[in-house]
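Dear colleague,

I am handing over a structure that you have not worked with before, and I would be glad if you could look through it. My notes on what was found follow below it.

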There are 2 protein chains.
Amino acid sequence: MTTPPDCIPCFLRQALEAARFATDDPALHNRIVLQALGAVAAMDLSQPPPAAIQTIQRLLRQTTGVDDPYRDAKQRFNHFALELLPECVAEVRRARDPFTAAVRFAIAGNVIDLGAKGGLGEAGMHAALRRALGEPMAGDIEAFRRAVAAARQILYLADNAGEIVFDRLLIEQLPTDRVTLVVRGAPTINDATREDAQTAGLPELVEVIDNGSDAPGTILADCSEYFRRRFQAADLIIAKGQGNFESLADTVPGIFFLFKVKCPTVAAQVGRPVGSQVLWRSPRQKNASQSP
Amino acid sequence: MTTPPDCIPCFLRQALEAARFATDDPALHNRIVLQALGAVAAMDLSQPPPAAIQTIQRLLRQTTGVDDPYRDAKQRFNHFALELLPECVAEVRRARDPFTAAVRFAIAGNVIDLGAKGGLGEAGMHAALRRALGEPMAGDIEAFRRAVAAARQILYLADNAGEIVFDRLLIEQLPTDRVTLVVRGAPTINDATREDAQTAGLPELVEVIDNGSDAPGTILADCSEYFRRRFQAADLIIAKGQGNFESLADTVPGIFFLFKVKCPTVAAQVGRPVGSQVLWRSPRQKNASQSP
């Protein structure tokens, strides 16, 4: 998607939150917000929102000299998620339909988002997971199940640290020998990198690669050539989170997006309210609209 | 107060909302948000927040060619408030302490705010007024009562259209021959001007003047010399709304501010949560902190 003006206040809110995450120095908070203002004023609004966030996060890292301001938070979320995991594994096993239960957990894990305003911390995470199996989930789970069964090469685009632990529940329901997990190429907000995949124990289950980019989404032109080849070769792409949705949904057909709707702009695009758990397939035709 | 970085995302959100208020043209929405970005990037953060909003609102009027984008909304709120007024008048009369009841209504009327995110429309307005007499109100009502009794020249700085109708309830409890009501010098967001004071029937009760400024607050340096003289001469100033609070609270001592707390920054300053009804007196000493 292109960047609507609604994203602009949100970029600046996020820049300030990120600045406060990275440093306690109020002078730096001001400087980072002003840098973000400049970056947003200069940005190309035909790019998807993660492009602007990528630029702002780079400025943040440069200005603070902190190469991964969210490292501690990411580890904290991973460990908290790992503590909850056995309970969730048991619940998936007990479920009448373990595949659907795992999809629900993977989507519920997407509450962990230190970028979005609707993203929650540890307390919200536990509550969201408790509700996960009961809440309605928009989307055609049977079409997703069929696509998984038919696919030979599945690319699973991860989103955030912490969340990636719950992705493991769904990945365990997939034909793991045909699955490749993709993480970001470098730290950006609390997005998952190789380190987080490792912490979640995923390299023992599936191949793990990175996309070569530090955008909090999948901006193909910014990804490595190797990743782009794998992306082209895959016959099923599963993409977690709004960042992946924003960067791929209206340009690449047939992707299954799994996410919690976190802002009114995306809510309008998928036709579901903020807070919804959504399994959404990008339309076969570019830029066509489709309800989940 | 100076402008903290927290206000910057809010300025842009407000610019977009205002753009959508003034025109249906998405190209203009984009242009206005980008103009606002430029204006905010160039602004002096040592000025209070209403200074930035003043600039953005001027850009909005220039770009859209609409001199008062909120005119219809202001009239709608005035008329809706006038419909509710008889019920409120009766409630003030019935109250054991009509002065306190009127203060509560005047503060509750401050929910009408198309600038603040916490500001509500017509539905919220009715609900807020219904709750007004029951909700806790922070502040020293007896000190306020004594200040009113002792004052010879009272300046009552109005805030928004619609809200100004409920100010009438409080003004009727004041010694009206010693009260001057002050409105903005020109339209800005939904702030009250002479037209709104007229609709509320206030010129029949008290002297009405304007401050000569189109800022959504009281930036003394931007006000007319006549207003500044009156401001200096007054021995009691009653100021409604966050805009007046933001522009006067830490520079002019002894003002009684009446408002609903609408954002975390102001909440931190007055030590009351967002949504609180507050009667807050600015400290006798510049920049000293004081709880209500």
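**Notes on the model**

In chain A, Met137(A) stands opposite Gln277(A), a residue of strand E7(A). Please keep in mind that this is a predicted model, in which local features need pLDDT of at least 70 and side-chain atom pairs count only at pLDDT 80 or more, while totals for chains, interfaces and linings use all residues. Residues are numbered from 1 along each chain as its sequence is written, and chains are lettered from A and ligands numbered from 1 in the order in which they are written.

To stay with the strands (DSSP runs of E with at least two residues, numbered from the N terminus, as helices are for runs of H or I with at least four), E7(A) covers residues 277-281. Strand E1 of chain A, residues 137-138, runs parallel to E7(A) and is joined to it by 2 bridges, where two strands pair if DSSP finds at least two bridges between them. Strand E6 of chain A, residues 256-260, pairs with E7(A) in the antiparallel sense over 5 bridges, and Gln277(A) in E7(A) is the bridge partner of Lys260(A). Of the 5 residues of E7(A), 4 are buried (20 or more other C-beta atoms, placed from the backbone, within 10 Å of the residue's own; exposed means 12 or fewer, and partly exposed lies in between).

Chain A as a whole has 12 helices and 7 strands, and 49% of its 292 residues count as buried.

Where they meet, 16 residues of chain B are in contact with 16 residues of chain A (C-beta atoms, placed from the backbone, within 7 Å). On the side of chain B that touches chain A, H2(B) gives the largest share, 8 residues. Because 100% of the interface residues of chain B are also interface residues in chain A, the copies meet through the same surface.

With best regards

Terms used:
Two residues are in contact if their C-beta atoms, placed from the backbone, lie within 7 Å.
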